[in-house]
Amino acid sequence: MIDPALRSLPGLPSLIVGRIFSQLSATTMTIAIGWQIYALTHDVASLGYLGLAQFLPMIPLTFVAGHVADRFNRRSIVLICQICEILSTAALAIAAAFHVLTTGGIYAFAAFYGVLRSFEMPCQQAFLPAIAPAALLPRAQALLSSLFMTASIVGPSLGGLLYGIGPVVCYGLSTLGFGIAFCGTLSLKLVHTIPPKEPVTFASVFAGLSFLNRRRDLLGAITLDLFAVLLGGATAMLPVYADGILHVGPIGLGLLRASPAIGALLMSWGLSRYPLKGRAGLIMFVAVVVFGVATIIFGASHTVWLSIVALMILGASDVISVVIRSSLIQLATPDSMRGRVSAVNTLFIGSSNQLGEFESGMLGTAIGPEAAVIAGGVGTILVAAAWAKLFPRLWALDRLEDVFPEEQ
């Protein structure tokens, strides 16, 4: 059941359709390209290279994309990106159908998708504050996260099941899903305020970094999640675990990929119904530590059910951090800066998944996948302990509703 207070928010259904079907398509596609490239190479490092291919375009484009998001119509930018996603995923399906898809083609697609996400994500992250007032934003963020995680459950399950039929089916359904996401975004009605004309300067492009330097609580939240995801990238090793350690095959891979999302779904549903009342900073740090412990358990497990439980706990703890961080960023950032701050968040957080996959792939090649996952979990716990000392304002954060878009 959706909170009655959220049902009255105009534009929320369209926002949900756009975000959820985009995620559903992306996760279905990710399962397919990850399994296919591992099947082609049987090389752990190839999984790392796949994450790196998505990450590298974000480095030069992130700050430009944030500046674009604050100067132009954000909805139009997302629509253009989604059209490109439809066309590129359709091309992927055609190449697979004619058996001409190579590892180089998969890497090229991943890089192009990284370019699109560089521009799409900062704009999408600015949609919810334009719809939900500050008092309802944490609950709306939790609801969106719960539905987002539902798509994250269905997507890997579809990817694992349908890959047995053939990758063309996975890529074809992803194309259809991106088309539905486009329709949802197209129907989203937002008031576009034309920003004042200002010259494009080095300072204006990188204003997001300057703002975060002033708001140390935001900087701490973003970088804490960055290092947690970067070090705790257990999901990058799932094809290896499914094939060589747990021996569960493509369908089992889909179940493993869905497990973090199941845990996240349950937690985010709870947060949407029972929002955090206080001590948000402390809760965020505890959640990151639990994330690290769950990563260690998964890395050491050779039992399917224990691995699934560990991944569910990992997903549940991660969504707590995501809801707190996302709400804090949206509440503390003025609308005129949301594109640039969201762009930095995209680089630090969104791309940390891909960079974490690369780090896990390289470390897994060097010391073995199990040791790499366990080391990442230990590193996550150590980072949480260090950040508690480095960012006392984040540690002391109490009620999210009391955060304002100005330095306090």
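Here is a short walk through this structure, from the whole chain down to a single residue.

Let's start with the overall picture. What you see is a predicted model. Of the chain's 408 residues, 57% count as buried. The accessible surface of the chain comes to about 16,000 Å², and carbon and sulfur atoms account for 72% of that area. Sequence distance is worth a look too: among contacts between residues at least 6 apart in sequence, 88% join residues at least 24 apart.

Now find a pair of helices, α15 (residues 280-300) and α16 (residues 304-332). Their axes come within 8 Å and cross at roughly 155°. Angles over 145 degrees count as roughly antiparallel, which means that α15 is roughly antiparallel to α16. The crossing of α15 past α16 is left-handed.

Which residues of α15 and α16 meet? On the α15 side, they include Ile-283, Met-284, Val-288, Phe-291 and Phe-298. On the α16 side, Leu-306, Leu-311, Ile-313, Leu-314 and Ile-324 are among them, as are Asp-318 and Arg-325. Sorted by class, this contact of α15 with α16 has 17 nonpolar, four polar and two charged residues.

A second pair to look for is α13 (residues 238-245) and α18 (residues 369-390). Here the axes are 11 Å apart, and the helices pack at an angle of about 140°. That angle makes α13 oblique to α18. As α13 passes α18, the crossing is left-handed. From α13, the residues Val-240, Tyr-241 and Ile-245 take part, and they meet Pro-369, Glu-370 and Val-373 in α18. By class, the contact of α13 with α18 divides into five nonpolar residues, no polar ones and one charged.

Between α9 (167-186) and α10 (202-205) you will find Lys-189. Is Lys-189 buried or exposed? With a relative accessible area of 69%, Lys-189 is exposed, because exposed means over 50%.

How values were computed. Residues numbered from 1 in each chain as written. Predicted model: local features only at pLDDT ≥ 70, side-chain atom pairs only at ≥ 80, totals over all residues. Heavy atoms only, no water. Axes fitted to C-alpha atoms, helices over the stretch in contact; angles between N-to-C directions. Helix = DSSP H or I, 4+ residues; strand = E, 2+ residues; numbered from the N terminus. Parallel < 35°, antiparallel > 145°, perpendicular 65-115°, else oblique. Left-handed = near helix turned anticlockwise from the far one by under 90°. Contact = heavy atoms within 4.5 Å. Nonpolar A, V, L, I, M, F, W, Y, C, P; charged D, E, K, R; others polar. Buried < 20%, exposed > 50% of the residue type's maximum accessible area, 1.4 Å probe, protein only. Areas by Shrake-Rupley, 256 points an atom, 1.4 Å probe, with all protein chains shown as cover.
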